[in-house]
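Please look over the sequence and the structure shown below, and then follow a short report on the central sheet and the pockets.

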Amino acid sequence: MDQLLRVMNFNVSSDGIGCGPGEDQSLERPFGLDRPERLFSWAGATASWPMRTEPGGSRGLDNYFTREFAWNIGAEIMGRNKFGPQRGPWQDHDWLGWWGDEPPFHTPVFVMTHHERPSFTLSDTTFHFVDGDPATVLRQARDAAQGKDVRLGGGVTTIRQFLEADLVDTLHVAVSPLTLGSGQRLWESPDELLDRFHLDVVPSPSGVTHHLFWRR
């Protein structure tokens, strides 16, 4: 069985925006947005949300998607700005990302950056900092995944790079019922992907609409 490259639980607004402009990102504003929870509160409300620290949470359709977050995933790829807000050469090697001592990935993570730095491990997650084109980084991640699939974690720019390289096998994009107007846009319309992907659209009682793409 092939190792799939999967986008999972990625959140955008109804006008296709997944985060604010890059210059608006900061340590205090990882998404560069005011109240970014408006995009992903559906996931945080579920029983299977990976960052949940208390019992409880909803079951049903939304929980199905958060429960699948780790299923058969052996590695993750992310852009540098999903790891942290720093730009250019690394100035602070003591700051180790936004997830604390127990990151939710539990696999090797390949952070795409033009400024490499030594790998480090937090709990059962090891971060590798790699400078390469999407195909090269995907080969590295597949090797590390030991036969399992690779999750493409984002952000928007990174997902678009892999889509443009025709490397993505499946996407799950949760579209929230709000308009942001400006920011980094995954698409103008999900129909842009229909030349390469089948699409099922599944509305949820939470108000989000789950878009499920898989290769033709």
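Predicted model: local features only at pLDDT ≥ 70, side-chain atom pairs only at ≥ 80, totals over all residues.

A pocket, as the word is used here, is an open set of grid points with protein on both sides within 12 Å along at least five of seven lines, and its lining residues have an atom within 4 Å of a point.

An open sheet of 9 strands, with mixed pairing, runs in the order β5-β6-β4-β3-β7-β1-β8-β11-β10. Because β5 (120-122) and β10 (197-203) stand at the edges, each with a single partner strand, one side of each is left without a neighbour in the sheet. From one strand to the next, the twist averages 20 degrees. The helix α1 packs on this sheet, where it touches β1, β8 and β11, and its direction makes about 125 degrees with that of β1.

| Strands | Sense | Bridges |
|---|---|---|
| β4 (108-112) and β6 (125-130) | parallel | 5 bridges |
| β1 and β7 | parallel | 2 bridges |
| β1 and β8 | parallel | 6 bridges |

Particular residues can be picked out in these pairs: proline 108 stands opposite threonine 126 in β6, leucine 5 stands opposite valine 150 in β7, and asparagine 11 has alanine 174 in β8 as its bridge partner. Strand β1 is largely enclosed by the rest of the structure, because 9 of its 9 residues are buried.

The largest pocket has a volume of about 1,300 Å³. Of the 50 residues that line the largest pocket, Asn81, Lys82, Gly153, Gly154 and Gly155 are the closest to its centre. At least two residues of this lining come from each of several elements, including β1 (5-13), α1 (37-44), β3 (73-79), β7 (149-154) and α5 (156-164). By residue type, the lining of the largest pocket divides into 21 nonpolar, 22 polar and 7 charged residues.

The second largest pocket holds about 330 Å³ of space. It is lined by 16 residues, of which Arg6, Phe65, Thr170, His172 and Leu212 are the closest to its centre. Two or more residues of the lining of the second largest pocket come from each of β1, α2 (61-67), β8 (170-176) and β11 (209-215). Which element gives the most to the lining of the second largest pocket? It is β1, with 4 residues. The lining of the second largest pocket divides into 10 nonpolar, 3 polar and 3 charged residues.

Conventions
Residues numbered from 1 in each chain as written. Heavy atoms only, no water. 1 Å grid on protein atoms, 1.4 Å probe; cavity = no way out; pocket = protein on both sides within 12 Å on 5 of 7 lines; lining within 4 Å. Points joined across faces, edges and corners; volume = space filled by probe spheres on them. Nonpolar A, V, L, I, M, F, W, Y, C, P; charged D, E, K, R; others polar. Pairing = 2+ DSSP bridges. Axes fitted to C-alpha atoms, helices over the stretch in contact; angles between N-to-C directions. Contact = heavy atoms within 4.5 Å. Buried < 20%, exposed > 50% of the residue type's maximum accessible area, 1.4 Å probe, protein only.
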